[in-house]
Amino acid sequence: MKRRGRGMACMWYPIGFTVAANPSAAVVKVNEDGTATLLTGTVETGQGSLTILAQIVAQELGIATDDVHVVSADTDATPMDTGAIASRTTYVTGNAARIAAEKAKETLFEVAAPLMAVKPSQLEAADHKIFVKGFPQRNMHIGDVANHARVVSGQPPIGSGYFNPETLALDPETGQGKPFGTYVYATQIAEVDVDDETGEVEVVRIVASHDCGTAINPMLVEGQVEGGVSMGVGFALEEEILFDANGRQLNPNLTNYIMPTSLDMPEVEVDIVDNYDPTGPFGAKGVGEPTLVPTAAAICNAIYDAVGVRITALPATSEKVFKALQAKREQQPKQIGAAPNGGAGSSASVH
Amino acid sequence: MVNVTLKVNGETRSATVPPETTLLRLLRDQFNLTGAKLGCDVGDCGACTVIVDGKPVNSCLMLAGQADGREVLTIEGLANADHLHPLQKLFEHFGSLQCGFCGPGVIMSAKALLDENPNPSAQEIRDALGGNLCRCTGYAKMIEAIKGASCILRGEEIPAVKSAFVTE
Amino acid sequence: MPDKPRVIEKPDVLEKPDILKPPAPAPLVTFPVEVVVPEGRQQTPAVGQRATRADARLHGLGQTKYIDDMYFPNMLFAKIKRAGIASARIKSIDTKEAEAMPGVIAVITGRDIPCNSFGPSLKDQPVLASERVFHAGDGVAAVAAVSEQIAAEAIEKIKVEYEPLTPVLDPLESLKLETPGVHAPSANIYGHKLIKKGDVEKAFAESYRVFEGTFRTQMVEHVPLEPYACIAQWDANGRVTVYSTLGRITLGRADVARTLGIPMSRIRIIATVVGGNFGGKNEIRAEPVMALLSKKTGRPVKCVYTRSEEFTASTTRHPLVMDYKTGVSKQGKILGRKIRLVLDGGAYCSWSETTLGKACILSAGPYNIDNLYAEAFVVYTNKTMTGAMRGFGAPQVCFAYESHMDDIAHALGLDPLEFRLMNAFEEGSISPTGQKLHSVVVKESLLRAAKRFGWNGLGDGNGTGVKA
């Protein structure tokens with residue numbers, strides 16, 4: 001018989017490296033037509049970071065995402081970057097890119113100000129224009145300013161910037177300190193069906209409510225959550241590298257290392273928590289790793305809700321769940337009533 | 001060495017290759033059609049999926065010699081100079097691909113499905129993608145895009161789903 | 001189908017020299033002229049837009065060039081011989097037969113690496129093992145040949161004589177002081193972290209109830225769809241360009257400079273579009289080997305891992321053994337928590353220090369706990385290297401602390417949601433390391449998820465009945 005259960009798990013996760021400096025540097029060049037190029041040492045690993053960085057630079061310059069071309073990942077041509085790791089790209093490289101764009105924008109304002117008979121501090125950039133704050137009808141197209149900068153003023157608008165999160169080393173004895181610049185938070189709730197005769201677990205639905213600060217691109221955040229949940233489902237139920245007694249892997253292949261296919265995936269509902277982090281670029285933090293962190297616990301808590309067995313060792317394969325169910329049934333006549341309490345000695349837990 | 005002559009994306013191509021050459025290697029190394037990818041070389045991941053005589057096939061499991069005289073469609077044959085195939089258009093707009101490595105294989109599996117079943121349910125789409133592994137996306141936006149592409153191909157409206165294609 | 005090289009009966013490669021030429025260029029590739037820019041990319045302001053990715057169209061057309069899609073004239077293909085034994089001393093390596101094979105252009109071993117150690121923190125990883133093997137995926141030699149098949153066959157012909165040693169496989173065994181050191185004379189415990197706040201024993205003494213639980217997680221692999229790959233080539237000025245799937249090119253350049261003993265300004269690392277990383281491509285793998293083979297042969301050299309090597313010869317996620325003890329008040333307020341984590345640190349340190357630190361810091365969960373004692377150890381074993389994998393210890397400890405939280409909630413008869421809300425961080429809460437937290441929304445995420453899901457309180461552990 002299939003029993004349905006639901007379980008929740010929440011989590012916190014840091015952005016950036018633990019204490020250690022992990023800077024990113026960036027360069028933004030504004031072209032004579034008002035489009036721009038961003039140079040960044042980060043590496044696009046599939047998560048869409050280059051699009052996010054383009055959006056951040058575009059926002060700062062008041063132009064569109066498509067107007068920003070991103071050149072990345074070349075130690076000769078692009079500035080240093082600590083890397084696409086620790087969910088740091090949006091926050092650290094994003095801040096660096098924003099600062100670089102801001103510096104390029106300062107040059108544009110310096111050039112535009114006398115042309116509009118104002119001080120640079122009175123200018124703003126949005127909708128492809130540079131305009132006087134509070135007087136949008138007094139504006140120039142950003143391309144005209146950029147072209148003027150090159151051919152008349154002789155001041156090419158180039159900005160470079162860098163960012164490193166503020167941290168404080170941890171005391172070696174108590175671990176007290178400030179290891180990260182910021183953290184993100186999330187909750188996932190899983191709904192599962194457990195076959196109480198075979199131990200098979202099917203994940204039906206997962207609601208994932210994730211904080212990423214400002215969502216620079218909600219579509220890419222959804223993609224990260226959906227992908228992270230798939231890794232979480234695999235971690236919870238299927239994946240395991242097995243070793244023989246001599247320390248050699250038994251299943252170094254995709255036939256016997258089981259990872260989620262399209263048939264294993266639940267319905268994933270993505271919810272982005274409204275939030276704004278003033279230390280991040282336009283309030284953004286990050287989301288890459290947190291997406292798979294709470295999934296396994298949510299699923300295992302749901303299994304407990306469904307059939308009353310606590311799996312304490314991942315993956316919760318059907319064999320493990322089956323054995324736990326058997327053990328629970330054997331215990332049943334000796335126990336009166338209540339569900340087993342949470343303890344290491346709980347007979348419903350199986351290693 | 002074996003001589004292989006086959007139609008690839010509508011064009012007749014030939015090559016002379018060692019007999020153990022797979023169709024995947026033939027396409028990638030001899031014809032420079034690098035869309036089909038080598039993810040495992042043993043038929044587990046589906047990154048090498050192409051369509052042979054109308055059926056989706058793991059090209060790493062087919063010998064080049066077995067493809068002699070057949071018609072092969074690869075990802076490079078879907079779009080033409082004027083238009084993207086609706087699958088490619090919607091995969092782009094819905095954000096269905098992230099690292100993109102599994103993309104050609106998934107799209108070819110989807111194409112084979114839509115050729116056979118112009119109005120697949122979400123479950124039928126999942127079944128068709130069952131042999132294509134993806135580590136980045138969780139498959140969710142792929143299924144949305146394939147459903148949407150099936151609508152376009154039937155001349156119908158795409159259902160309102162959250163996507164960059166449909167302005168909110 | 002087994003992952004072994006295909007045997008060539010006759011050296012056709014020499015009889016048919018055409019095979020050595022680069023493949024014919026593809027016929028006219030028709031780039032679609034449809035250049036409609038999706039609306040999301042044209043909108044201002046840019047932040048908040050569902051902008052499509054610039055690479056999305058190329059991915060869908062199959063036009064994205066990953067490293068294995070790149071071809072350079074005269075390029076050679078490299079394969080690395082894997083030890084296949086978890087712990088051993090290397091007595092001798094005989095490469096003569098491999099070197100003599102037609103089509104093999106160069107063979108190198110660990111002895112050829114000028115500085116044969118690297119690592120993001122502890123530099124205990126060899127580029128190619130030269131004296132000792134610490135896990136079955138250790139590389140012991142590399143071959144560059146005119147085709148992948150020949151390279152794969154050649155590594156089979158390399159004869160390595162091992163003196164097998166007893167491997168240590170269980171991290172809890174490795175934790176014991178009497179267990180022989182995997183990297184003797186270094187201790188097996190190669191990392192330790194402690195976080196202390198308040199007085200946890202006193203808190204337990206004052207608790208209404210104290211709960212304990214032990215949780216374990218397994219070793220898993222990133223499984224990026226694109227296996228690790230790199231290409232190296234030199235120019236006449238003695239500069240090497242390495243195309244790599246590396247996610248950290250600045251570090252990669254530093255490591256190539258160090259292992260090859262050349263200045264950084266002579267090295268260019270280009271990371272092309274990567275087919276998935278997830279942490280497994282965050283330190284160098286074969287870049288120095290390819291650079292050396294390329295230097296030795298005067299030709300570009302490409303190496304692509306097999307799927308099997310992705311499992312055995314690249315990093316994995318740390319398995320953890322986690323002991324939790326929590327004391328609560330009658331109302332369900334957490335008074336104290338004590339945690340011990342043992343990380344299986346595999347054969348080499350790799351990203352273990354980072355994982356250790358994060359796991360320890362995060363291990364108490366997003367909860368206000370005044371009395372905390374969290375101690376974490378990472379130990380060597382002779383298993384596959386454990387390194388960075390999406391989460392750095394967080395998925396493991398979250399599994400433990402959230403399962404533990406539910407166990408406690410059920411035992412106290414509390415709704416798991418209410419129990420969490422009672423204890424969770426708020427804006428300005430103090431973290432386990434004494435940091436004042438800002439931009440905190442864990443309660444908001446709990447409430448939003450619960451509402452969206454339709455959460456309706458504590459279940460009875462027997463499921464809600466038969467599925468329709």
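Me: What makes Y324(C), I339(C), L341(C), A374(C), V397(C) and Y401(C) residues that S363(C) touches?

Reply: Touching is about heavy atoms within 4.5 Å. S363(C) has such contacts with Y324(C), I339(C), L341(C), A374(C), V397(C) and Y401(C), once residues up to four places away in sequence are set aside. Keep in mind that this is a predicted model.

Me: And why is S363(C) called buried?

Reply: Its relative accessibility is 1%. Buried means under 20%, so S363(C) at 1% counts as buried.

Me: Where along chain C does S363(C) sit?

Reply: You'll find S363(C) in a loop, with α11 (352-362) on one side and β15 (371-379) on the other. For a sense of distance, take R448(C), which is 85 residues away along the chain: its C-alpha atom is 24 Å from that of S363(C).

Me: Now chain B. Which domains is chain B divided into?

Reply: Domain 1 covers 2-76 and domain 2 covers 86-153. Their centres, taken over C-alpha atoms, are 21 Å apart.

Me: How do you know that domain 1 of chain B and domain 2 of chain B are in contact?

Reply: The test is again heavy atoms within 4.5 Å. By that test, 16 residues of domain 1 of chain B meet 13 residues of domain 2 of chain B. The two domains bury about 1,100 Å² between them, with 68% of that area from carbon and sulfur atoms. On the domain 1 side, T49(B), I51(B) and I75(B) supply 40% of the buried area, more than any other three residues.

Me: How many salt bridges and polar contacts cross that domain interface?

Reply: The rule finds 0 salt bridges there, but it does find 4 residue pairs in polar contact.

Me: What about chain C against chain B: what makes R28(B) and D68(C) a salt bridge?

Reply: The rule wants a side-chain nitrogen of Lys or Arg within 4 Å of a carboxyl oxygen of Asp or Glu. In R28(B) and D68(C), the closest N and O atoms are 3.4 Å apart, and that is within 4 Å, so the pair counts. Across the interface of chain C and chain B, the rule finds 5 salt bridges, plus 17 residue pairs in polar contact.

Me: Which helix gives the largest share of the chain C side?

Reply: That's α3(C), with 5 residues. By class, the chain C side that touches chain B has 21 nonpolar, 10 polar and 14 charged residues.

Me: How many residues take part, and how much area is buried?

Reply: Chain C brings 45 residues and chain B brings 52. Together they bury about 4,100 Å², 53% of it on carbon and sulfur atoms.

Technical notes. Residues are numbered from 1 along each chain as its sequence is written. Chains are lettered from A and ligands numbered from 1 in the order in which they are written. This is a predicted model: local features need pLDDT of at least 70, side-chain atom pairs count only at pLDDT 80 or more; totals for chains, interfaces and linings use all residues. Side-chain values use heavy atoms; hydrogens and water are left out. Helices (H or I, at least four residues) and strands (E, at least two) are DSSP runs, numbered from the N terminus. Buried means under 20% relative accessible area, exposed over 50%, partly exposed in between (1.4 Å probe, protein chains only). Domain bounds come from an automatic or database domain assignment. Buried area is the accessible area (1.4 Å probe) that two parts lose on being put together, summed over both. A polar contact is a pair of N or O atoms within 3.5 Å; within protein, one must be able to donate a hydrogen and the other to accept it, and residues adjacent in sequence count only if both atoms are side-chain atoms. Ala, Val, Leu, Ile, Met, Phe, Trp, Tyr, Cys and Pro count as nonpolar, Asp, Glu, Lys and Arg as charged, and the others, Gly among them, as polar.
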